[in-house]
Amino acid sequence: MLFNSYVFIFLFFPLCLVGYYGLIRRNRKRAAQFFLLMMSFWFYGYFQVNYLLIMLFSIAVNYCFHRLLSQKASRKLLFCAIAVNLGVLFYFKYFDFFVENINALTGASFALRHVLLPLGISFFTFQQIGFIVDTYRGEVKDCGLLPYALFVAFFPQLIAGPIVTQAEMLPQFSRMGEKRFDWEQFAKGYALFVMGLFKKVILADTLGAGVSYGYTNIALLGRWDALVVILAYSLQLYFDFSGYCDMARGIGKMLGLEIPVNFRSPYQAVNIVDFWKRWHITLNRFFTSYVYIPLGGNRRGRGRMYLNFLIVFFLSGFWHGAGWNFIVWGMMHGVLYVLTRWYLDKKAQCRKPLCFLGQKIMTFVSKIALFLYVSVAWVYFRAADVAQANTMLLTALKGNVGKLSFELAECFQLDELWYILKVCRLDRFAYSRYLLMFFMLTAGFLLAVSGPNAEQSADRMKGKAVSAVALGAVFVWCVLSFSRVSVFLYFNF
């Protein structure tokens, strides 16, 4: 089930709110937990029942490991639990990738399985690995099956994150019903949900139409077309994924629960280190806690620390997708991350600070350079393979220089905004179609690189009647746009 769908907006979530708060009001905390769990199973099983069966199997197996590790913290049992989780993930996500490469290297003809990837398996697998490791470390108190299953399956963050920890969610589940209904928290949750819905339905999906056209018709693109497609995807991915996380946080708040922030204006970062403190924060936290630190972190010298960074980014790329293009994307970030950390370490030893103006200029240049580098890396993230990514980049560098493709510009048209152009009689202008493309790209870019994030905007809207009316209008606009609804990009990972 999608957040941006009629069935979720008008059936699922209203039933969820009524049922949950009805049980809470009667002080039936355990029944409220069970109700949320059943609603989460409905939410996930709505896509395909087979997905639900796989997740139920994963929950059952991991809960057994949790119980065993609670009784005896065995390192062998821990490794076995991690191996089982990674084995399941390998089969569904990476089996064909390895078979294809073995066939290519050896000339063999092993059959591919073409297994359908269950939605969210990368997210709930990592979440459960973290839980198992925390159990081994003694950080998890005895946890019942009901709160554990709800921890894994809680529908707002189940399919595309954020990757939550037991320390964040289990205490909240145990305190269900202790607090009274908070209208202020509910209003902020609603604001976050609407802003996330706007990011997805109006911005990401509109930009995505141009991106899909560009990658489907690379041979027809000129240099300017390729640059537009590259920029559009950088913005589409951000608005799509951060929009999902905003909606997840908003739903959580409306249910009286806090889901962690996963984005904090990443395109306003000044360097790649800062970027990864802002982009997909919970994934970065997972790799830091369960990979980087166990590998030794920064405790074994700078050389080993830099190697650990590269390992983390290699795994991060491979986690996102079973393809060499994802590995290239991860290593592009990893190499720049290592170079930046080396530079920052050297800079810290230099006691001569830049003047105020020089610092401002350096900050501005760093932000632009980082955005360009990240956008180039996203090409490998979006492309079907490395060859297609190289073709897109070569087109952007050496393609024909001419006017932008009219067909590409057509993809960025919003009927609502086109109607405004007609009212203003701007539709008669020869390049009127390009106006909306320019507007969408410019508005999206400025919002991403200089605008407030959803959390800041929601805080500013507290108690303002104008904000309430504006949110209502945006909500209606988004709902009316559901006819061109699309799934979230991170559903693929």
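Predicted model: local features only at pLDDT ≥ 70, side-chain atom pairs only at ≥ 80, totals over all residues.

I started with the lining of the second largest cavity: by class it has 5 nonpolar, 2 polar and no charged residues. For the classes I count Ala, Val, Leu, Ile, Met, Phe, Trp, Tyr, Cys and Pro as nonpolar, Asp, Glu, Lys and Arg as charged, and the others, Gly among them, as polar. The residues in question are Trp276, Leu283, Asn284, Phe287, Val312, Phe313 and Ser316. H11 and H12 are the elements that give two or more residues to this lining. The volume comes out at about 40 Å³.

Residues are numbered from 1 along each chain as its sequence is written, and side-chain values use heavy atoms, with hydrogens and water left out.

My terms for spaces: on a 1 Å grid over the protein atoms alone, a cavity is a set of points where a 1.4 Å probe fits but cannot get out, a pocket is an open set with protein on both sides within 12 Å along at least five of seven lines, and lining residues have an atom within 4 Å of a point. Grid points are joined across faces, edges and corners, and a volume is the space filled by probe spheres set on the points. Helices are DSSP runs (H or I, at least four residues), numbered from the N terminus.

How many cavities of 30 Å³ or more are there in the whole structure? The search finds 2. The largest cavity holds about 60 Å³. I listed Phe57, Ser58, Val61, Asn62, Val84, Asn85, Val88 and Thr125 around it. Helix H3 (49-71) and H4 each give two or more residues there, and H3 gives the most, with 4. This lining divides into 4 nonpolar, 4 polar and no charged.

Next I checked the largest pocket, with about 500 Å³ of space. It is lined by 18 residues, and Ile82, Leu86, Phe126, Ile129 and Val291 are the closest to its centre. Helix H4 (75-106), H5, helix H11 (281-292) and helix H12 (302-320) each supply two or more lining residues. H4 gives the most, with 6. I get 17 nonpolar, no polar and 1 charged residues in this lining.

I looked at H5 (residues 121-136) on its own. Its 16 residues should span 22 Å at 1.5 Å a residue, and its end C-alpha atoms are 22 Å apart, which agrees; the expected span is 1.5 Å times one less than the number of residues. Of its 16 residues, 15 are buried (under 20% relative accessible area, 1.4 Å probe, protein chains only; exposed is over 50%, partly exposed in between). Just after H5, Gly138 has a positive phi of about 80°.

Last stop: Ala458, in helix H19 (residues 454-460). Ala458 is buried, at 3% relative accessible area. Beyond four places in sequence, Ala458 contacts Lys188, Ala191, Leu192 and Met195.

Key. Contact = heavy atoms within 4.5 Å.
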